[in-house]
Amino acid sequence: MPTIGAMLGDVVHSLFIRPATEYYPFIRKSDPERLRGKLIWNPEKCSGCQLCVKDCPSEALELVVLDKATKRFVMLYHADRCTYCAQCVESCRLKCLEMSNAQWELASLKKDPFANYYGREGDVQNVLARATQKSTESTDRD
Amino acid sequence: MNLPIPPVIALLLFPGGIFLLGYGMIYEFVDRKLVARFQNRIGPRWFQPLADWVKLLAKEEIIPDGVNAGLFLALPVVALAGALTAALYAPVAGWIPSFSFRGDLVVTLYLLSMMTLCIGLAGANTLDRFSIVGATRALTQLFSYEAPFLLAILGPAIAAGSWQISDINAYAHSNLWMIVYQPIGFLVALIGLMGKLELPPFDAPEAETEIVSGALTEYSGRGLALFKIGRNVELVVGLTLIAAFYLGGLANPLEFILKTLALLLLTAGLQSLFARLRIDQTVGLWWRIGAIVALVQLLAILAGQALQAVL
Amino acid sequence: MDINESLQRAEQILSTWAPVALHPSPERVDVSLPDKWLKAAVLALRDAKWGYLSAITGMDHPGTVEPVTEEQRWQRLENEGENATGGESREGTLEVLYHFCEGAAVLTLRVSVRYSFPVLPSICGIIPAATLYERELSEMFGIRLVGTPNVDKLLLPDDWPDGVFPLRKSFHGLTEVEKSGPEVKK
Amino acid sequence: MSEETTSNAKKFIVPIGPQHPALKEPGHFEFTVDGEIVTGAAVRLGYVHRGIEKGCEQNTWVQDLYLLERVCGICSHSHATAYVLGVEKLAKVIVPPRAQAIRTLFLELERVHSHLLWLGVAAHEGGYDTLFMYSWRDRETVMDILENLSGNRVNYSANLLGGVKYDVDQKQSDEIRKGIDFLEERTKYYLNVVTTDETFLGRTRHVGQMTLEQAQALDAIGPTARASGLQRDVRVDAPYAAYTDFPIKLVTANGGDLEARFIVRINELFESYRIIRAILDNLPEGELTARMPRRIPEGEAISRVEAPRGELFYFLKSNGSDKPERVKVRTPSLCNWASVTHLAVGHVLADMPMMLAGIDPCFSCNDRSVTIRKEGDSQAWTWEELRRYGIEYYK
């Protein structure tokens, strides 16, 4: 049966109920349990097989091997490159990677906060020092 | 209310000028908020129309190639001036009209049409294809709703036996609300006003999904701001006229606010209920239904009056 | 609709032009055709109302690209004796696959053209919807389709250099071509 | 594409796109008009061409899964499923039934979200913003379901080569059921609205009408074809994933106009709800993944999936290495353009956005290959050029 204004019921009803709009930055919904957020690396179990690095579709992972025998690795995780596909979590046979449901609002004016270093304190310092050394060398050459 | 207001103040401050600009913005806000609520959204905050307007005024005005620059700049001013002038003859805010003479109703209706004519000219002035299509549609729509709208406004005028807005207002105030015995006229007038203001579902002349922004596509900055504010003023004037004629006249500011807001609620509801009409559907609707219905109503009024005279 | 019935019907329709049909998997039949019979085969399929054109896939099979000198050729002849292929650099081919689907059955017409003469007849006259696929094919692989109604750029930018075909295996980015391309043309 | 008319009058062309409020994605259409009547139509794509087909040849099979998932944001799971089904066919890996059922569950949830999205967009094109707002509000329900299931609203990345990543437990199953019940109620309401509202019917009835013969001749697919009565649905014709265990009833309509397309898509929603419930009721027990080799054996595979917009066609060729030799993606939108450009002639301009929306076009889907823009004298500006221009201008 053709009518005019078929949505009248909904339209009038809406005047008396709360708007469906979410006041996003002011009121936040809780993060879903399975939300794929920032990657967490657990160095204890890692064998340094590099499978996660190889499978990453967006080159977000770098695993620096300092000493394979004593299991000294540093994982560099670029949160800005990550597509949060969780392939690395599945690729890891030793289950040392997982995705937390935190930190999903990726807005920043700088790239620095997105580089996450995982590993022992000393090793990370070591890797960082090497990186800065390398960069100063290259600028010297320029 | 019948306090005399010096002409300069009436023109610049109240009830014309600044007051109308601000009041138009408030009504734009109320309209947008209502439509949003009808659609279960939050809608804008109270200062949004003002913020939009200030932003537009601050922006660069681009005059596109191939237009008559003088005309391009003058049209928004003329459109706004037309709407503001029309307000001087209407009982805005429940005040007696600032200016009044016999037959000012006709002048007011013409002034209200200035806006659409200016928009049509503005569209035709540019080389942009969207503008030209929009202008064609705006003018086509003008021809379709204008006659029924005029007929619908004539109803109360004939009933009151005067062509002067203040007379009709006074007549409406002292008699039964005309919406009761001229309901068709009321509906045609209200929907005609929506057509005039190009509100949905009569927004084919500026259908964003087809022709971007219609005739005003090439306008930016001040020109666009003036057109927008002009439309707000026209909304207020149009609502004032309909409230004065059909809802028992406007005798004081409170009555004015309540009655026009009630009308605004109604238009907002109508805006959110329908899909956009194609231009051919709009024309068909007005000429096939609107005009005939308004004409029948007019004849009924005349017949009624003749009958009254006989009795 | 039965898959086998569909496939048999397809084979039957095409038997005039291609007596040999391969079955890479149960629901598929592959038919290789010379390019001159492509249109006739497509027309026969259309006339028999067999399925619909689902896609046109292009594939690049580059030849041996390194130029072979006279000396190398003698060398190879010495090493390989009578079985030597002559050491000619094999010319690359472009293979075009016309996929037709009917129910679960997929029929693939395979047509190959050489790099030196990448020309195929257009099937738009028979299947109007093929125009977009053909435009994509000619842009990406550089196959000239004779009789296709529109050869304007569909996907690539308007100023894409002529003679550069991104889905060929030899394409690794535009930078070098960009530098030398326009000069060569002039 | 437009047939030349005999009159020598200068053609009046109304361009729609690449940047246009009607299209939320970039595509370019040129409608030749005579007054309001359209006399010709042409299409130009490629504005979001990203070189995915070429890119696939340079990545490993595993990485390609995520690249292909990003061909389209709306039917991402359909793309991923078509790809994994093809690769599994090549590798001759049998995927556990539970994984197949969960894939199918995602496919149907995706269809629900896509059809509701389309309902809103199509209503918006017709200027029916209220329907647009309400249908998108309700679409949030299914988006939330997908987010709770997979952790993401789009690009769920639920698929793995050889299985799925996410299981469905009892609690989630209850949540899905609750959401589906609500949506079913709302869908009934929308079906009523689009079939009875006079103003909306004025915009959809007898608009863009495509007869069965035309649909056949133009090789239309998906809901566009089914609205013309063409019985063409990969889920029915060639069941994949778990559609063999949960068969789909074919939904068709006979009108061939926009109204019929609304009806087909909305009725498909009911069918999707039914399948989702059936899958939740009879979810097979078992593993979620099967072992997958890293190097895929040499061969060719064709895999077809019924995406929300129609048949999605993948052609995969492996050369035995860990990278594919060729990945061909033919998206459903590409098939249905012909129906727009052929049927546009004779309609009024105001119907064009509705007709474009009628096939539910997805521009990202159409555009896949390489775009590297040349600097210099061109209308397409590179980002650098634009920046430089901006700096110059404001000096």
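At what angle do helix α9 and helix α11 of chain B pack, and how far apart are their axes?

**Ground rules**

I am working with a predicted model, where local features need pLDDT of at least 70, side-chain atom pairs count only at pLDDT 80 or more, and totals for chains, interfaces and linings use all residues. Residues are numbered from 1 along each chain as its sequence is written, while chains are lettered from A and ligands numbered from 1 in the order in which they are written.

**Entry: helix pairs in chain B**

I took helices (H or I, at least four residues) and strands (E, at least two) as DSSP runs, numbered from the N terminus. Helix α9 (residues 183–196) and helix α11 (residues 221–246) of chain B pack at an angle of about 175°, and their axes are 10 Å apart. Axes here are lines fitted to C-alpha atoms, for helices over the stretch in contact, and angles run from 0 to 180 degrees between N-to-C directions. That makes α9(B) roughly antiparallel to α11(B). The classes are these: under 35 degrees is roughly parallel, over 145 roughly antiparallel, 65 to 115 roughly perpendicular, and the rest oblique.

I then listed the residues that touch. From α9(B) they are F186(B), A189(B), L190(B), L193(B) and K196(B); from α11(B) they are G238(B), I242(B) and Y246(B). Contact means that the C-beta atoms, placed from the backbone, lie within 7 Å. By class, I find six nonpolar, one polar and one charged residues in the contact of α9(B) with α11(B). Ala, Val, Leu, Ile, Met, Phe, Trp, Tyr, Cys and Pro count as nonpolar, Asp, Glu, Lys and Arg as charged, and the others, Gly among them, as polar.

Next I looked at α11(B) with α12(B). Their axes come within 9 Å and cross at roughly 110°. That makes α11(B) roughly perpendicular to α12(B). The contact takes L239(B), T240(B), I242(B) and A243(B) from α11(B), and K259(B), T260(B), L263(B) and L264(B) from α12(B). I sorted the residues of this contact of α11(B) with α12(B) into five nonpolar, two polar and one charged.

Which two residues does a cis peptide bond join? I found P200(B) and P201(B), with omega about 0°. P201(B) lies in the loop between α9 and α10 of chain B. E198(B) is found in the loop between α9 and α10 as well. Phi of E198(B) is near 55°, a positive value in a residue other than glycine. E198(B) counts as buried, because it has 22 C-beta neighbours inside 10 Å. My cut-offs: buried is 20 or more other C-beta atoms within 10 Å of its own, exposed is 12 or fewer, and partly exposed is in between, with C-beta atoms placed from the backbone.

**Entry: a sheet in chain A**

In chain A, three strands form an open sheet in the order β2-β3-β5, with antiparallel pairing. Strands pair if DSSP finds at least two bridges between them. β2 (61–67) and β5 (115–118) of chain A stand at the edges with a single partner strand each, so one side of each has no neighbour in the sheet. The twist averages 15° from one strand to the next. Six bridges join β2(A) to β3 (residues 72–78) of chain A. V65(A) stands opposite F73(A) in β3(A).

**Entry: chain D**

I counted 15 helices and eight strands in chain D. Of its 395 residues, 58% count as buried. Is helix α2 (residues 61–69) of chain D largely enclosed or open, and why? Nine of its nine residues are buried, so α2(D) is largely enclosed by the rest of the structure. Among them are W61(D), Y66(D) and E69(D). What covers the buried residues of α2(D) includes α2 (51–55) and α3 (87–91) of chain A.

H206(D) has a positive phi of about 60° although it is not a glycine. H206(D) is found in the loop between α7 (198–204) and α8 (212–217) of chain D. H206(D) counts as exposed, because it has 12 C-beta neighbours inside 10 Å.

**Entry: what touches chain D**

For chain C, 32 residues are in contact with 34 residues of chain D. β3(C) gives the most to that side of chain C, with six residues. For chain B, 25 residues are in contact with 24 residues of chain D. The residues on that side of chain B divide into 12 nonpolar, five polar and eight charged.

Conventions. Two residues are in contact if their C-beta atoms, placed from the backbone, lie within 7 Å.
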